[in-house]
Amino acid sequence: MKLKKGIPVIDQGDKLGFWGGKFGGNFVPETLKKPIEDLETLFNKLKKDRNFINERDKYFKNWVGSPTRFIKLKNLTEYVGGAQIWSKVVSDANGGAHKIYNATVHCLLAKRSGKKVICGDTGAGYAGKMLSMAAKKFGLKCKIFMGAKDIQRQQPNVRAMKKNGAEVIPVYSGSQTLVDAVSECMRYWVANCDKVAMCVGSTVGPAVFVRICGWSTSQISRELKTQLVDEFGSVPKKLKLYNCVGGGSSSFGFWNEFMDYDKKQCEFIGVEAGGPVKSKKHAAPLTYGSKIGILHGAAQYVNQNTDGQIEETESISAGLDYPGISPLHCFLKDTKRARYTAASDEEALRAYKLVTKFEKLKPSLEPSHAFSVAIAEAKRFSEDTIVVVNSCGDAYKDRAIIERRLGKKYV
Amino acid sequence: MSNLISYAFKKAKSEKRPALLTYTVAGDSSKKQSLEILKSISKKVDILEIGVPHNTPVADGSQIQTSSYRAIKNGIKVNDIFKIVKDFKKFDKYKPVILMGYYNMIFQYGENEFLRKCKISGVNGLIVVDLPWPENKKFASKCKKRSIFFIQLLSPTTTKNRLKKIIKDSHEMIYFISMLSTTGGKLKVSSKEILSNYDKIKKINSKKNVVIGFGITEKTIKSLKKADGLVVGSAICREITNSLKKRQNPVTNVYNVVNRLKNKIK
């Protein structure tokens with residue numbers, strides 16, 4: 001299995017949509033074959049269309065707010081000692097997370113295809129919130145599927161979705177989290193694909209959704225590359241990019257522009273959700289060697305039992321609480337381009353405490369996982385190593401959890 | 001290639017009626033009871049579809065989901081399903097059985113091993129909901145080698161060009177999904193429209209046995225009588241759920257539903 005240079009990773013899949021011959025694909029009911037093919041044709045055409053790209057860039061710049069900041073975490077660097085710790089503050093983006101890029105592109109595509117309704121899934125509520133914002137902006141009706149457990153633990157985002165006029169549909173099946181929300185959203189699309197567009201909230205799902213999402217979030221690394229050159233004159237000789245990985249949309253977008261660099265120069269570190277220390281459950285299929293299986297239309301490493309039933313996950317962060325992982329990350333793992341590890345709930349909370357103690361930055365629980373590993377490893381690196389953590393979400397949505405776990409003063 | 005499924009269609013045709021196919025989930029509500037249900041409805045049904053329950057089913061509505069979760073909760077494993085088929089075949093050797101499920105279950109078992117077990121236990125056909133054409137080409141030919149029908153699915157969204165290619169690659173039985181819906185949805189298109197789509201398929205190759213499924217209940221079954229076969233699934237799963245709620249015997253109640261269905265298409 002080999003990563004090719006000079007070709008975007010999203011376009012390295014084969015004719016049937018498999019990366020490395022085995023990750024991804026289109027394991028979908030017959031009914032969805034046509035709408036998926038239509039979306040593929042549209043996306044393949046538009047991603048080469050200068051006007052469409054200009055339109056995307058216009059909205060990214062004026063509406064999403066690009067570029068998001070790239071800042072040095074001076075106090076944290078001093079405290080940790082070792083590498084310079086920087087952060088790409090993607091939570092600056094309109095709505096407070098990277099999910100806005102994918103949502104915007106999906107709404108632009110829906111408009112082009114003449115659809116008037118868009119449906120989407122959400123875990124932490126960001127994908128749903130952003131889709132509801134974009135749908136409102138572009139005059140589309142919006143339906144969001146969200147696990148009942150997630151609705152309870154991510155209330156601020158639920159309120160935001162409703163305020164934007166979206167219908168939030170609680171999902172009571174299975175574990176009542178993201179995995180069930182994605183299933184229910186796909187079911188809704190199966191029944192309504194003639195009139196409704198679907199947005200999958202991460203780099204997961206049938207191949208075209210993986211590609212659209214990766215294409216959209218790559219805005220993050222395009223900005224970062226320019227910012228690195230502005231700051232250091234060129235891409236640093238020792239660059240390490242840390243990102244949390246749930247479905248994998250923010251990490252893929254954070255790395256994409258640096259894909260062709262040697263990994264000795266630009267190393268990618270993906271941090272999965274290890275779950276509570278005392279629990280056997282986790283949401284880290286790459287770290288803990290889960291077997292390849294099919295989930296939501298794509299072959300990927302996924303937590304499952306020997307029969308092939310998808311296993312329940314557990315994580316403090318709703319956004320990472322997913323049993324599978326993007327086929328793109330499976331591909332990056334097996335080609336050894338990226339390295340994956342996990343942080344536990346407790347480690348993420350400790351990192352959150354440290355970051356907020358030293359810096360004016362409140363990463364949500366998802367990027368707190370990435371901070372945890374970055375802080376632990378930065379100690380060992382030389383001063384000329386540039387560690388960058390993607391702070392891809394804001395902790396506002398996690399207030400209730402943080403207050404309960406760490407006390408009021410950390411909110 | 002012919003197998004028991006072909007004979008079942010021939011028999012129904014000779015009686016000038018569509019074949020009746022039922023779908024029940026293996027292990028719903030228990031291993032023992034699901035076998036009892038199969039035995040009790042066997043006389044009335046031409047082909048038995050047995051669902052392999054999966055916990056992330058992307059094409060099933062709430063009734064089949066409920067049945068699947070119930071079966072999984074009660075501990076059903078793939079090996080138990082083969083055992084159920086085997087035990088059923090001891091009871092009624094000539095009744096064709098089709099397993100219907102999602103590809104991950106087969107993938108984890110290993111395609112070859114899964115098919116070997118199918119053969120041993122007496123499975124005559126397979127429907128894999130999320131393994132569409134052309135992705136299913138390789139697996140379908142493996143099935144063919146073992147004289148197991150791989151049943152292709154067609155939907156109202158399938159383009160004409162695609163219809164032709166799939167039908168060309170299909171075995172003797174084809175499953176036509178009546179409308180855009182998950183299983184158990186209310187029939188939202190007219191039977192006239194469904195049958196006009198059905199005719200398009202038959203026109204391409206009249207020799208294939210085409211069954212219609214999704215949205216078929218006691219109310220709607222009669223209007224689709226002209227099809228080669230009709231599948232009822234969610235209505236039966238719902239009956240099991242309701243029987244359990246009312247503390248009644250699901251075996252008797254399901255038999256009564258199937259009996260009424262059969263009478264409507266006689």
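What share of the contacts in chain A with a separation of 6 or more comes from residues 24 or more positions apart? The share is 74%. Two residues are in contact if their C-beta atoms, placed from the backbone, lie within 7 Å.

This is a predicted model, in which local features need pLDDT of at least 70 and side-chain atom pairs count only at pLDDT 80 or more, while totals for chains, interfaces and linings use all residues. Residues are numbered from 1 along each chain as its sequence is written, and chains are lettered from A and ligands numbered from 1 in the order in which they are written. For the complex, the predictor gives an ipTM of 0.96 and a pTM of 0.97. Chain B has a mean pLDDT of 96, with 99% of its residues at 70 or more; pLDDT is the predictor's confidence in each residue, from 0 to 100.

**Chain A overall**

Chain A holds 15 helices and 14 strands. Helices (H or I, at least four residues) and strands (E, at least two) are DSSP runs, numbered from the N terminus. The C-alpha atoms fill a box of roughly 55 × 45 × 45 Å along the principal axes. Of the 411 residues, 62% are buried. Buried means 20 or more other C-beta atoms within 10 Å of the residue's own; exposed means 12 or fewer, and partly exposed lies in between, with C-beta atoms placed from the backbone.

**Strand 10 and its partners**

Strand 10 of chain A (residues 266-275) is mostly covered, with 10 of its 10 residues buried. The chain reaches strand 10 from strand 9 through helix 11 (residues 249-255), in a right-handed β-α-β crossover. Right-handed means that, with the strands pointing away from the viewer, the path from the first strand over the helix to the second runs clockwise. Two strands pair if DSSP finds at least two bridges between them.

| Strand pair | Bridges |
|---|---|
| Strand 9 (residues 239-244) and strand 10, chain A | 6 bridges |
| Strand 10 and strand 13 (residues 338-344), chain A | 7 bridges |
| Strand 8 (residues 209-213) and strand 9 (residues 229-232), chain B | 2 bridges |

L239(A) has C266(A) as its bridge partner in strand 10. A273(A) is partnered by A343(A) in strand 13.

**A374(A)**

A374(A) sits in helix 14 (residues 365-378) of chain A. A374(A) is buried, as 30 other C-beta atoms lie within 10 Å. Beyond neighbours within four places in sequence, A374(A) contacts I85(A), Y242(A), V387(A) and V389(A).

**Chain B and the interface**

In chain B, 9 strands form an open parallel sheet in the order 5-4-3-2-1-9-8-7-6. Strand 5 (149-150) and strand 6 stand at the edges with a single partner strand each, so one side of each lacks a neighbour in the sheet. Within this chain, V211(B) stands opposite G229(B) in strand 9.

The contact takes 30 residues from chain B and 31 residues from chain A. On the chain B side, helix 3 (62-73), helix 5 (103-109) and strand 6 (152-154) each give two or more residues. Helix 5 gives the most, with 5 residues. This side divides into 14 nonpolar, 13 polar and 3 charged residues. Ala, Val, Leu, Ile, Met, Phe, Trp, Tyr, Cys and Pro count as nonpolar, Asp, Glu, Lys and Arg as charged, and the others, Gly among them, as polar.
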